[in-house]
Amino acid sequence: MSEQNTQVQLPPGRSAPPARRELVRALPWLLPALTLILTIVLFPAAYMVWTSSRDVSQAGVDRGSAGLDNFVALLNFPALGRVFTNTIIWVVGVVLVTLLISLALAQLLNQAFPGRRLVRLAVIVPWAASVVMTSTVFYYALDPFYGVFNQFLVDLGILDAGFGFTRRPVPAFVVSMVVAVFVSLPFTTYTILAGLQTVPDDIVEAARMDGAGPGRIYRRIVLPILRPAIAVAVLINIINVFNSLPILRTMTGSIPGYDADTTTTLIFKYVQQDRQVDLASALSVVNFLIVLAVIGIYLAALRPMRDE
Amino acid sequence: MVTTTPETTGRRAGASAADAHRGFRPRSRHGRRWTRTTAGVVVALVFLAPYLVMLIGSVKRHAEILRIPPTYLPTEWIPSNYLTMWSTPEAPLPYNLASTLIISLCGTVLVLAVALPAAYYTAKHPFPGRAVFLLLVLATQMLQPTVLAPGLFRQFLALGIDDTWLAMILVNAAFNLSFAVWIMHSFFAGLPKEIDEAALVDGASKLQTLRHVTLPLVWPGIVTAIIFTFIACWNEFAASLVILTTAENQPLSVAITKFVGQYDSAWHYVFAVSIVSIVPVVILFALVEKRLVAGLTAGAVK
Amino acid sequence: MKRFLRWSAAFVIASLTLTACGFGGGDNASGNSRKLSLLVPSYSNGTKALWEGIIADFQAKHSDITVNLEIQSWDNINDVIRTKVQAKATPDILNIDAFSGFASDDLLYPAADVVSPDTLADFQDSFAKNASIDGTMYGLPMIASARTLFYNQELLDKAGVTKPPATWQELYDAAQKIKNLNSGVYGYGMPLGSEEAQAETSIWIFGNGGSWHEGDKITVDNPRNVEAVQFMKRMIDAGLTQPDPGASDRTPMLDVFIQGKIAMAVGLPPTVGQIAQKNPQLKYGTAPIPSKDGQPMTLGVADHLMAFKNDGSKQEAVKAFLDYFFSAEVYRKFVDTEGFLPTTKSGAQALKDKKEIASFLEVLPGARFYPSTNPRWAATQGALQGQIGQIGQGKQPKAVLAGIQAKADA
């Protein structure tokens, strides 16, 4: 469309601001997405913010304005420090480990070997399964009494008796992180694998001819080409892991106290146990602002948007 | 100049690299293949282990699933769980499966239709507000579904489309839009500028370039986005739970919770339904996997 | 430009297809005074069929009324109903455990407005009282359950315990003897995980003459309660319970009991059926729950039906349905099939010879209830579920109860 623009050229310096023209040109491409977001997402998001400033009864009836009371109550919550620490460990740990394993896994899946297609299909399965079900089956298999994984460890002689992996805050939190990595691997691996397809063989070839070792080729040629894929995979993982509820809810759900909670599961506990939707909304608003800030910093630092 | 059969080119390039390799170290090639296959088997086992537990549980008798000590294999195989589960008193599963399929397929198509133009344009054309747009799109992902569900329910109630597939298609599309845009954006952005420029110089219009040149080259990205969106729609739970009230309209993710009772749960059905709900996604993946892997090769851009 | 139009056309066609996709959904009943919506939890895998049968029979009798049934799992029903309340789209009739939150927000019809005087008079007095706030009854007690001690006869025999324990000390000693067997079984199953920790804790504090409330005030942190929880902690610290009691949920704990690995645990009516289904060989007995001084005591719990006022146009239809549900034969069948205890006088009469529930009916008259009509109870219960298990992780009873008290007062 733009190149067919037959607008009369105005003398330079007196034209309509080019910025606005560019924006107008961009609109038809963006409008469908914008429409969908504005019509579907805007109201519930605004409703969440609204609820965070209301006094909502346990049954769900709005009893009037609460000002900032919910946020004050949040700040006075005694376990908040522990919950924030957990959240940082959770996000950083899961995302980093996922990335490292995925890089190796993608490398393996990019090599030719018999049965590769089947292995690739196997790797996709945790992604295809719902996270709730994956967590549930892990929880079941790790049960100290009737869990198969526990029994396996006992039969191997590693454990004397079933261990309550999901019964104590720290082991349960660690196991949850393992599950979180497990379910994040397929997507991350595939994004990187797709990125690996864009690595030109002849450049790698040329480098090899020049005597560069595999490590050097990987660092100097492959990684830079993977950068956009990695940047997006990490970005999506940060958001997903930060907002992940089902894993911790399932694996640590029966554990009392807040020693294994992140801000996301705390939101859930405010709703489920304390029946305080207003407080939960306030924490969601805080949660949202934190993710937004983290992502903002991430984008500013890495610039995966490629402003050329 | 531009070939659209990257597959063959890629394979040839890969083969030549391997040939060159063999020239240096003739023996190790076979050994490496072996190591890789072994590693592949280990990887596959690790990734499948929990689902094997699920699969085995799904053919156990109800009472055996919670036996202490647990049995690795069923003492009595009940494959008929996969038949009986379709007509249980708890959930109308055939309808639930149909609902899930329709919602996910329509949702994915809608996402693609909406996200593709946005991803392309933002990657290829700088304009003021581009960063704001991308961040706005991303922000939709940062909201908690649990807390959004009340607002969504209220909104669709007001629109008169609560308890409809349309509502869930819109919800799924709106909330999965962002990752699709971002994934495809990164692939468009990764394309060398020369491709577009070459095509434009040849006199092709922007849309022609997009359709005939750019799209085939970013297939891996599009396929990743499709899979990502489809799976997200397939497993969506929080919004369906409150928006879809009729049992027949609900997706599998909600239906499965009906097997979890107050004092006892039909774990064999929970596991069987889970297995059944994994299969279509794996099939979808098996179909598009080649596309994903073939993708762009440098050979195509000379 | 032409191409752009072509793409736009493709987009429009795609959206039309999508819109068409959306017409598959059902339509929502609202407004019509003869259309009732009913939201219920799933008690068992027979619940849905049971309700569908009742509704079909009811509609056959009242051809002008239609009832739309929505069933949710216990895990989800609270989220669903809260969302509906927030959106002012509540069902006409709801079945759930606690009604007081809805009543105190003035959302419910008083019971007298939605059932006939005969139906109302048929409720057993203790349940009717427990369903009333300031003398007005809002909830319709629908089913009840009570707890009793289940014990594994073989294990007690093996350990040389001759009769089931009646006092805390006897329970302690019996559990110690089981522990001394050293055969990988546990003395007492104590489920303090978030699922039902409030029930287990209530059993202990009621067994010590304690209480969760004093008049209108929730009193979690009082001397008798602290003493009871201290004894619980003694049991845990002495290793007389299953491992990690603080994070054991009730259902899985009972599964371990059913598999013969726990000697004694508090169970409820459906436990009988589960043993029959999962491990019929188990030799077990039931006995009153041990208390500090041996005085028999149990925890009673009732679930309720309640009618939402909404726009006030459906009172007659609601009344017709609820009277039908509580009519002798329909009600008996419901309670009997689900395996719970009846809350009506006629129901109790009809089921008095059912042997699976005989031991529960026996203890029911002395049952104590949660203070569920107190508007702060829901928060207290949530806090109990989420916090009390910490005594199994080394925290002191007094401190844990004080923490729960703080949440109750918040």
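## Contact between the chains

Two residues are in contact if their C-beta atoms, placed from the backbone, lie within 7 Å. In this predicted model, 87 residues from chain A and 88 residues from chain B form the contact. Helix α5 (residues 116–128) of chain A contributes the most to the side of chain A that touches chain B, namely 12 residues; helices are DSSP runs of H or I with at least four residues, numbered from the N terminus.

The side of chain A that touches chain B comprises 64 nonpolar, 14 polar and 9 charged residues. Here Ala, Val, Leu, Ile, Met, Phe, Trp, Tyr, Cys and Pro count as nonpolar, Asp, Glu, Lys and Arg as charged, and the others, Gly among them, as polar.

## Domains of chain A

The domain assignment, automatic or from a database, divides chain A into domain 1 (15–79 + 263–295) and domain 2 (81–260). The C-alpha centres of domain 1 and domain 2 of chain A are 29 Å apart.

In chain A, 9 residues of domain 1 are in contact with 14 residues of domain 2. On the side of domain 1 of chain A that touches domain 2 of chain A, α12 (263–272) and α13 (277–302) of chain A are the elements giving two or more residues, and α12(A) supplies the largest share, 5 residues. By class, this side of domain 1 of chain A has 6 nonpolar, 3 polar and no charged residues.

## Basis of the model

Residues are numbered from 1 along each chain as its sequence is written, and chains are lettered from A and ligands numbered from 1 in the order in which they are written. Local features need pLDDT of at least 70, side-chain atom pairs count only at pLDDT 80 or more, and totals for chains, interfaces and linings use all residues.
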